[in-house]
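Reader: Hi! Could you walk me through this one?
Author: Happy to.

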Amino acid sequence: MKKYSLEERKRIVENINNLSKIEHEEIFKILLKHNLNFSKNNNGFFFNITNINDDIIDEIKNTVDFYNKNKKKLEEMDEKLINCHYISKNIKNIENTFKEY
């Protein structure tokens, strides 16, 4: 019995589709490492996820999850950096206001 249902596999493919080109290449390397069949054209590479065994799906899913977690962390860090810049700018404005008095 397969560990991943067809719906879960489709979700994994949707998550792969949302990755960047560089991240797609890492998924492609997993396929190559396991000698999986795929096709490739100008739009990218394509594979049939229904025929891939669960161990390889685990590897692909873990890679996708890693990228998504990192993306989220980077977005959070960017937001904190923007907030710090905003606070720093406000502090400078306050300091300049006090210098005038």
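This is a predicted model: local features need pLDDT of at least 70, side-chain atom pairs count only at pLDDT 80 or more; totals for chains, interfaces and linings use all residues.

Reader: Thanks! What is the mean pLDDT of the chain?
Author: The mean is 86, and 86% of the residues reach 70 or more; pLDDT is the predictor's confidence in each residue, from 0 to 100.

Reader: And where is confidence lowest?
Author: In helix α3 (residues 54-99), at a mean of 82, while helix α1 (residues 6-17) is highest at 95. Helices here are DSSP runs of H or I, at least four residues, numbered from the N terminus.

Reader: Is Arg9 buried or exposed?
Author: Arg9, found in helix α1, counts as buried because its relative accessibility is 2%. Buried means under 20% relative accessible area, and exposed over 50% (1.4 Å probe, protein chains only).

Reader: What lies 2.7 Å from a polar atom of its side chain?
Author: The backbone oxygen of Ile49. Arg9 also touches other residues, including Tyr4, Asp54 and Ile57, where contact means heavy atoms within 4.5 Å.

Reader: New topic: which residues of α2 are buried?
Author: Glu23, Ile27, Phe28, Ile30 and Leu31. Seen down the axis of α2, they fall within an arc of 150° (taken from the directions from the axis to the C-beta atoms), so they line one face of the helix.

Reader: Which exposed residues are on the face turned away?
Author: Lys21, Ile22 and Lys33.

Note on methods:
Residues are numbered from 1 along each chain as its sequence is written. Side-chain values use heavy atoms; hydrogens and water are left out. Helices (H or I, at least four residues) and strands (E, at least two) are DSSP runs, numbered from the N terminus. A polar contact is a pair of N or O atoms within 3.5 Å; within protein, one must be able to donate a hydrogen and the other to accept it, and residues adjacent in sequence count only if both atoms are side-chain atoms. Lists of a residue's contacts leave out its neighbours within four places in sequence.
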